[in-house]
Amino acid sequence: MSLITDLINLDLSDHTDKIIAEYIWIGGSGMDIRSKARTLSGPVVYPHELPKWNYDGSSTGQAPGEDSEVILYPQAIFKDPFRRGENILVMCDCYTPAGEPIPTNKRYKAAQVFGHPDVVAEEPWYGIEQEYTLLQTNVKWPLGWPVGGFPGPQGPYYCSVGADKSFGRDIVDSHYKACLFAGINISGINGEVMPGQWEFQVGPVVGISAGDQLWVARYILERITEIAGVVLSFDPKPIQGDWNGAGAHTNYSTKSMREDGGYDIIKKAIEKLRLRHKEHISSYGEGNERRLTGRHETADIHTFSWGVANRGASIRVGRETEQNGKGYFEDRRPASNMDPYVVTSMIAETTILWKTT
């Protein structure tokens, strides 16, 4: 095993100019992250310098067997925290050989929204709070929970320390540092209310990059839990009963909201979100109805609400934003398994581009 570890950590830079690029994409379920590696002749800085690649879409639920080729278009580059050196992670989206985005390519439409001149002018910022649950292998029961049983009630676990309250910190800290190494703008981590559940935050990030960075952060977390022998779950309600679910609260502001008088712009944006509540909910993650019950720091899925410092509302406005008359708001509706390309672009489209009259 020591030899394997030595080989995994082998530094290639003194022996070859070649690098390894790990191409990452989203599979047919919308949540399965796929990747494969290729050798390149030397270091790469920009996505357009990378070659397009292909994969067997019939094996990911994205193409029929008789016409299975799907083309990967490199879109964003990150440093590889696993291979290190000049090696890279490459976030891609997926197209037919004719150059058409395949149906599961949510990035394509998001890029159109974020490329609109009105959206570009508003410089939309996002901060996404990604919650997730660590599960024991085989039994698929939360880390730290007695198999087939339950820990003590919620209360002592949120942002806690101690062997009887905090489970999986080594994984969480490894992920934190790996994201910083990769160049992801990860802004923090914390233990969540349900034991075995954690959160990391990505942001502030502008536009389409929010989706790229969150997907690569998820990929890195999947890789780390793979190494640790722990199962990663993005289920929005992994344990039924009196336990918190898992969300992906999305903090949002535009240039107009961040300037003097921005609070009025925020209130107008929230009204637009109210008018399109059903459309947003339908795109905010699978199984979200199990989480948005009106309990456990959520609003009921069928009712739109907003309030200052209210974590039981659909939209929460921070106390500081109210006091300053400008700032940002938090959409608390997205589930932990949401697609960040869909959620971020939909918020921008509704609040900036959509006209109510």
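UniProt positions are given in the numbering used here, feature names are shortened, and annotations may be inferred rather than shown by experiment. The model is predicted: local features need pLDDT of at least 70, side-chain atom pairs count only at pLDDT 80 or more, and totals for chains, interfaces and linings use all residues. Residues are numbered from 1 along each chain as its sequence is written, and side-chain values use heavy atoms, with hydrogens and water left out.

**Stop 1**

Select residues 103–357, where an unreviewed UniProt entry places the feature "domain: GS catalytic". This span is 37% helix and 18% strand, and its end C-alpha atoms are 30 Å apart. Helices (H or I, at least four residues) and strands (E, at least two) are DSSP runs, numbered from the N terminus. Next, select residues 19–99, which the unreviewed UniProt entry lists as "domain: GS beta-grasp". Here the chain is 0% helix and 48% strand, with 27 Å between the end C-alpha atoms.

**Stop 2: a nonpolar patch**

Display the side chains of L3, L7, L10 and L12, which make a nonpolar surface patch of about 370 Å². Patches are made of residues with over 30% relative accessible area and no salt bridge; like charges are joined within 9 Å, and nonpolar side chains (Val, Leu, Ile, Met, Phe, Trp, Tyr) within 5 Å. Accessible areas come from the Shrake-Rupley method with a 1.4 Å probe, and for residues only the protein chains shown count as cover. L10 is located in the loop between α1 (2–8) and β1 (19–26). L10 counts as partly exposed because its relative accessibility is 46%; buried means under 20% relative accessible area, exposed over 50%, and partly exposed in between (1.4 Å probe, protein chains only).

**Stop 3: helix α2**

Select residues 106–115, which form helix α2, and colour the buried residues R107, A110, V113 and F114. Why do they lie on the same side of α2? They cover an arc of only 120° around the axis, the arc being that of the directions from the helix axis to the C-beta atoms. The buried residues of α2 pack against β4 (69–79), β5 (88–95), α3 (117–122), β6 (125–136), α5 (209–228) and α10 (340–353), where contact means heavy atoms within 4.5 Å.

**Stop 4: backbone details**

Move to strand β8 (residues 197–206), which contains P204. A cis peptide bond, with omega about 0°, joins G203 and P204. Then find N138 in the loop between β6 and α4 (169–182). Phi of N138 is positive, near 75°, although the residue is not a glycine. Is N138 buried or exposed? N138 is exposed, with a relative accessible area of 73%. K140 is also found in the loop between β6 and α4 and has a positive phi of about 55° without being a glycine. K140 is partly exposed, at 49% relative accessible area.

**Stop 5: salt bridges**

The structure holds 15 salt bridges, each a side-chain nitrogen of Lys or Arg within 4 Å of a carboxyl oxygen of Asp or Glu. Select R83 and E22, whose side chains meet at 2.7 Å, N to O. R83 lies in the loop between β4 and β5 and E22 in strand β1, so this pair ties together parts that are 61 residues apart in sequence. E22 is buried at 6% relative accessible area, whereas R83 is partly exposed at 30%. Finally, select E322 and R319, a salt bridge with its closest N and O atoms 3.3 Å apart. The two residues are three apart in helix α9 (residues 319–324), and are therefore separated by about one helical turn.
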